[in-house]
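Dear colleague,

Please find below the structure that I am handing over to you. My notes on it come after the sequence and the model.

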Amino acid sequence: MPEIETDVPWEYSLYIPNDLRAVTVSRRTLRLILTMHGLIRHVDVAELLAAELVGNAVRHTKGPAALRVRWSAGVLRIGAWDADPGPPEPPCSAGDLLDLAEEGRGLALVKSCADTWGWHPLTSGGNGGKYVWCELASTA
């Protein structure tokens, strides 16, 4: 088997319908992408982050969504696009995570597990919506 190069940048996009099953499809697709690129050490945390981002996109909007995964310069960026240009709900504090039920802790988990995260509205080319992203830096 040829050696896997982890220093070559790459990017994937998975367009998904507004369907909660898309969360599972996104997680499994992400696992396959990272495994094939030799980044298995990132799989568990990356799956959690992708599930939260995609889950928010399909739960809180009415249109389609997309998962975007990019590797460049030792940084894994995971993002979710959705058709709603409004800002995501602000994350609760880390101390509130245990007090929350199943709902309302997604971005707090992202904030806690990722090295950095953010969002921005998209308006170029007549397309709208927002892009919520997070990054994991390689630890070698």
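Predicted model: local features only at pLDDT ≥ 70, side-chain atom pairs only at ≥ 80, totals over all residues.

Residues are numbered from 1 along each chain as its sequence is written, and side-chain values use heavy atoms, with hydrogens and water left out.

The sheet

Five strands form an open sheet in the order 1-2-3-5-4, with antiparallel pairing. Here, helices (H or I, at least four residues) and strands (E, at least two) are DSSP runs, numbered from the N terminus, and two strands pair if DSSP finds at least two bridges between them. Strand 1 and strand 4 (116-121) are the edge strands, each pairing on one side only. From one strand to the next, the twist averages 15°; axes are lines fitted to C-alpha atoms, for helices over the stretch in contact, and angles run from 0 to 180 degrees between N-to-C directions. Strand 2 (residues 65-72) and strand 3 (residues 75-82) run antiparallel and are joined by eight bridges. Helix 2 lies across strand 1, strand 2, strand 3 and strand 5 (130-137), at about 15° to strand 3.

Aromatic side chains

The structure holds one aromatic pair. Trp10 and Tyr12 form this pair, which is edge-to-face, with 5.4 Å centre to centre and 65° between the planes. Rings of Phe, Tyr and Trp (its six-membered ring) pair if their centres lie within 6.5 Å; planes under 30 degrees apart count as stacked, over 60 as edge-to-face and the rest as tilted. Trp10 counts as buried because its relative accessibility is 11%, whereas Tyr12, at 37%, is partly exposed (buried means under 20% relative accessible area, exposed over 50%, partly exposed in between, with a 1.4 Å probe and protein chains only).

Two individual residues

Glu47 lies in helix 2 (residues 43-59) and is buried, with a relative accessible area of 9%. Leaving aside neighbours within four places in sequence, Glu47 is in contact (heavy atoms within 4.5 Å) with Arg27, Leu30 and Arg31.

Asn18 lies in the loop between strand 1 (10-16) and helix 1 (21-36), and is partly exposed at 32% relative accessibility. Asn18 and His60 are 42 residues apart in sequence and 9.6 Å apart in space, C-alpha to C-alpha.

With kind regards
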